[in-house]
Amino acid sequence: MIAITGVRKRFGHVEAVRNVTFSAADGTVTGLLGHNGAGKTTTLRMLSGLMRPDAGTISVDGADVISNPAAAQRSMGLLPDSRGLYPRLTPREHIRYFGELHGMSGTRIEERSDALVKWLGLEAVADRRVAGFSQGERTKVALARALVHQPRNVILDEPTNGLDVMSTRAMRALIRGLRQDGCCVLFSSHIMQEVSALCDRIVVIAQGTVVADGTPDDLRSLTGRTDLEDAFVALSGLEAEAVE
Amino acid sequence: MTALRQVWAVFRKEILDGSRDRRSIYSLLFSAMISPLLFGLMFTVAAERRKSADEITLPIEGAEYAPSLVNWLEQQSGVTIVPPPADAEKAVASRAEDVVLIIGKDFSKDMARAVPAEVKLVSDVTRDSARPKVARVRGLVAAYSSQTSSLRLIARGVASSVASAVRIDEVEVSSSQQRLATQLSILPLLLVLAALTGGLQLSIDSTAGERERGSLEPLLLNPVPRGALASGKWLAASLFGCCAVLFSMVLTMTVMQRVPWHDLGIRFRVSDPELMTLLALILPLAFFLSAIVMFASTFARSFKEAQSYLGILMLLPMLPGLVSTMYPLSGRQWLAPVPVLGQYALAADVLGGKPPGIGLYVLAGVSVMACAAILVGLTARMLKREAIVFGR
C-alpha cells in the first residue's frame, strides 16, 4: 500500500512536481501515466526515499519514507530509471549482494536466488558475467536484485523501456504474477497500450500534477472518448498542440 | 550488528569485483613493482661503479718515461696497467676509455731536477659513471707526488711535516646505518606511492565508476546506512593498497638481498626490525590515502573525470617526499600527527638508525586513521546528496 499526498519538488526555477496525490492498493496494478517530462520519474525518486520532497508526505505500508526511509525501503522493491549492473558479476552475484544488504541469511538468499532465476527465465545465464547481456537480460537482472527480499510493494520505472516484443510480454506476465501474489504494483509508462493492457487503475500526470485518477473506464467516461489513447492525450493537455 | 554485516557484504563484493578487474589488478601489481625495480637498478649500478673504482685498468701513454711511477702504480691494489690507445683524447671522447694517463717525455729529467714533472689526466667530466675511477687515479698520482716530495725533504734534512701546513682529519660521524639511510631515503616515498596507487583503480571504480554505470541509485535503494556503504568500499580499496605496500616491501627486500652490499661498503641486514617497522608506519597510510581517493572520486561523474582530479592528488603524497630530499625531515618528530609528512619524518628516523619511540608510531597511526574516518564520513554524507545520486 503506497500513499502519496501533496508532494512537490522544485529544481531551481523548474517545478518538476507541483502537487501529486494518489495511492496504490495491494493486489492491484497501478499505472503512472504521463508523457516525457511530466514528473513520473521525479515522483518515483521521492517515493524511493533518495530524493526529498519540498512538501507532502509519502508512506509505504504505513512507514513514512521521509523520516524512516530504511523501513520503507525494506517493504519496497524498486526498478529505477537507471538500472546499471556490475559488468564483472554474474546475475546470482547481483542477487546475493542485494540480499546481503537487506540482511538476509545465506540459505534464504540461495532459495530466493533460485526462485528468481527460474521465474525470470535466467537459468542459461545465471552464472555468466553480465557484461554483454542483452537489454532484456539486463532488465531482468536488475529486477531480480530489486525483488530479492520479496517486497510487498513493487515499483517499476518504465520497465519495458528498450525491450523487444518478447521481453515486453515476459515483463507483463511478471507484473500480472506479482498482482496475483497480492503485491501492490506501481509502474510508470508513457505507452498507452501497456497501461491499458495491465492496469486496474491509472493515474495520469501532466505538468507535475495528477490530472486524472481512476479505472480505464472512468477515464473514458471522464473525457468522453472511447479510445484510451485519445483520453490520455486529452487529459495531458496535449490536444491543443497536436491539432496545431 | 546489521550495519557491520552490511559493511562486510559491500567489502566482499568490491574485493570480488576488483579482483576480476584487470585494471585494478594491474595497478596493484605495477605499483608493487616500482620500488624493487628502481632499487635493484639503483644499487646495482652504484655497486658496479664503486667496484670499477676499486679495480681499475689504467692505460698509460709514455710509460717508458716514468718507470718508477708506473712501477709504484702497479703495486697499488686493484690497479692494472694496460697499453694506451692510439689517440688518448679520442678514445676518452668516444668512451672507449674512462681515463688515460699521459706521461711527458721530460718526466724523469724534471724529477731529477726537482721541478714539477708533468702528467696529463685525460677524462670526460660529464661522464658520471667514470667519475669514481678518475678520482681514484687522481688520488693515486697525488699520493705518489706527496710521497716523493716527503722523501726529497728528508734527503735535504727537512722534516716532511714542514711541507704540510694544515692536515685534514676526516671524522665520519654517521653510522653505516645512516649512510644506508641516505641511499634508502627514497624507499618511504616508493612505499607511499604503492599505498596510493594499489587501491586507486578500485576506489575510482567503486565510486565514480558506480555513478558512470548508473548502479549507484539501485545500490542506494537498499536499506543500508551510507556510512556502511562508504566503509565497505573504503576498506576494500585500503586492502588493495596494503597488499601493494606488502608486495612492494617483500619484493624490495628480495632485491636487496641480491645487491652486492659489500661492494658499496655497507653492511646490510635484511631482517632488520627497523625496516620492518616501516610497514607499521606506511600501512595505516594506505587507509588514509584510499579515503582521500574515494572522497575525491565521489565528486566525479565518470572514470575519466575522476582520473583528472586524481592527477593533481597524486602529487600530494609525493611532495613531502620530494621536499625531504632537499630539507631533511629526520629529527622532526613533532610532525608525527600530520598525515603523510609525519610518516616521512618518522621513516627518515627509522632508516637513520634512530627509531622513534613506540608512542610516536601510535600517535601517527591514530592521527592518520582519524583523518581517514573523517573522510569516510564526508563520503557517506556526499552519498546522500541528490546531485551525487542522480547527477550523471
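Two residues are in contact here if their C-beta atoms, placed from the backbone, lie within 7 Å. The structure is a predicted model, in which local features need pLDDT of at least 70 and side-chain atom pairs count only at pLDDT 80 or more, while totals for chains, interfaces and linings use all residues. Residues are numbered from 1 along each chain as its sequence is written, and chains are lettered from A and ligands numbered from 1 in the order in which they are written.

**Ala296 of chain B**

- Apart from its neighbours within four places in sequence, Ala296(B) is in contact with Tyr309(B), Leu310(B) and Leu313(B).
- Ala296(B) belongs to helix α14 (residues 273-298) of chain B, where helices are DSSP runs (H or I, at least four residues) numbered from the N terminus.
- Ala296(B) counts as buried because 20 other C-beta atoms lie within 10 Å, the term requiring 20 or more such atoms within 10 Å of the residue's own, all placed from the backbone.
- The C-alpha atoms of Ala296(B) and Leu375(B) are separated by 9.6 Å, although the two residues are 79 residues apart along the chain.

**Contact between chains A and B**

- Chain A contributes 23 residues to the contact and chain B contributes 21 residues.
- On the side of chain A that touches chain B, α1 (40-48), α2 (69-74) and α3 (91-101) each supply at least two residues, and α3(A) gives the most, with four residues.

**Domains of chain A**

- The domain assignment, which is automatic or from a database, gives domain 1 (1-75 + 153-164 + 180-244) and domain 2 (82-150) of chain A.
- The C-alpha centres of these two domains lie 27 Å apart, and their contact takes six residues from domain 1 and five residues from domain 2.

Key. Buried ≥ 20, exposed ≤ 12 C-beta atoms within 10 Å, placed from the backbone.
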